[in-house]
Amino acid sequence: MIRNSIIPLILMLFARCGSSDDGYTNPEELIVCFSVTEDYDKTVDKVEAFKSYLSETLGMKVKIYKVTNGSAVIEAMKAKKIHVGSTGAFSYIMAKSKIDIQPLVTSATVSKDTIHNYWSCIIVPKNSSIHSIEDLQEKKGELTMAWAYPTSTSGHLIPRSYLKKNGIEEDDFKEVMVSENHVASLYNCITNKVDVAAVNNVSINTYLKRGKIKKEDFRVIWKSNPIPRGSIFVSNDLDSGLTQEIRRALADLHIADPEASSKIHYNYDYQVKYIPIDDTYYDSLRLMATDVGLFDLNLN
């Protein structure tokens, strides 16, 4: 969560982006901001590929910033320091509740035969006496729970909603902690620093493949249905013609420049493309967030 004292530092990062109405609506340089919660150092090639492709396709200068928190993207967009943002799904719907934005695209598999690989998991350490949600319900008052960062879709919103539907509220646990990211939650769980953790399967699979963890280090007691992915979104103050050009360029990426697409989607083990979406894509998550009471979440 971003504290008020840190907000000015975030906005200083984007100080070069003009905020006058005309300069913002019809910019000479497009300012893009990615929320990167994991593998921050591994995204250099991704950023360069995205910048080069978009700059060449749009015929204009493009600057890209990386931040480690979706809230930073929201604050920068609110202050008109960026034109385009990229965050997870929950961060997007929180942003939409505060500022006038629209989603452009989300990621999807190129092949219809590829199984959707993004969902939320609730895990426990290998030596845990918890083997099911029923066990969790019975012993919840004795357990410590770890969410990922507050605006995480798969590490907070989805599992929290599921637990509520099964009669388990956040306050029912002995203690609840918020991790910096999914990997932190994963390690806190397998090292017995917490009894239960919410983590997405992408983080689990990535660290299994790297040999950083083993399947026998933890146990999955629940996994969700496939989850809507995050979006690349734009301020509605941006020129509508430019907005459509950006959407079209991103939707064409996997065909127009397969090499750039591969670098941008480096963390997938199958072909990925961007597909156009509108705000209704996130209606199910918005209803879920309202039900759980997370639209009262203070991102500042």
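How many bridges join strand β5 to β8, and do the two run parallel or antiparallel?

What we have here is a predicted model, so local features need pLDDT of at least 70 and side-chain atom pairs count only at pLDDT 80 or more, while totals for chains, interfaces and linings use all residues. Residues are numbered from 1 along each chain as its sequence is written, and side-chain values use heavy atoms, with hydrogens and water left out.

Okay, the overview. The protein has twelve helices and eleven strands; these are DSSP runs, helices being H or I with at least four residues and strands E with at least two, numbered from the N terminus. Of its 300 residues, 51% count as buried. Buried is under 20% relative accessible area, exposed is over 50%, and partly exposed is in between, using a 1.4 Å probe and protein chains only. As for contacts, meaning heavy atoms within 4.5 Å: if you take those with a separation of 6 or more, 82% are between residues 24 or more positions apart.

Back to my question. β5, residues 120-125, is joined to β8 by four bridges, and the two run antiparallel. In that pairing, Ile123 stands opposite Ala197 of β8. Two strands pair, by the way, if DSSP finds at least two bridges between them.

These strands belong to an open sheet of five, in the order β7-β6-β8-β5-β9, with mixed pairing. β7 and β9 are the edge strands, each pairing on one side only. From one strand to the next, the twist averages 30 degrees. Angles here run from 0 to 180 degrees between N-to-C directions, with axes as lines fitted to C-alpha atoms, for helices over the stretch in contact.

Look at β6, residues 144-147. In a regular strand the side chains alternate between the two faces of the sheet. In β6, Thr144 and Ala146 point one way, Met145 and Trp147 point the other way, and all are buried. β6 runs parallel to β7, residues 175-178, with four bridges joining them, and Trp147 sits opposite Val178.

Helices lie over this sheet too. α7 goes across β5, β6, β8 and β9, at about 85 degrees to β5. α9, residues 201-209, lies across β5, β8 and β9, at about 85 degrees to β8.

Now the other sheet. Six strands make an open sheet in the order β2-β1-β3-β10-β4-β11, and again the pairing is mixed. β2 and β11 are at the edges with a single partner strand each, so one side of each is left without a neighbour in the sheet. Here the twist averages 25 degrees from one strand to the next. Within this sheet, β3 and β10 pair in the antiparallel sense over four bridges, with Val84 opposite Val234 of β10. α4 packs on the sheet, touching β1, β2, β3, β4 and β10, and its direction makes about 160 degrees with that of β3.

α3 lies across β1, β2, β10 and β11, running at about 155 degrees to β2.

Next up, α5, residues 89-96. How much of it is covered? Seven of its eight residues are buried. Among what covers them are α4, β3, β4, α7, β10 and α12. Zoom in on Ser91, which is in α5 and is buried, at a relative accessible area of 2%. Its side chain makes a polar contact of 3.0 Å with that of Thr151. A polar contact is a pair of N or O atoms within 3.5 Å; within protein, one must be able to donate a hydrogen and the other to accept it, and residues adjacent in sequence count only if both atoms are side-chain atoms. Leaving out residues up to four places away in sequence, Ser91 touches Gly70, Ile74 and Thr151.

Last stop, two loop residues. Lys80 is in the loop between α4 and β3, and its phi is near 60 degrees, positive in a residue other than glycine. Lys80 is partly exposed, at 24%. Asn192 sits in the loop between α8 and β8, with a positive phi of about 65 degrees although it is not a glycine. Asn192 is partly exposed, at 45%.
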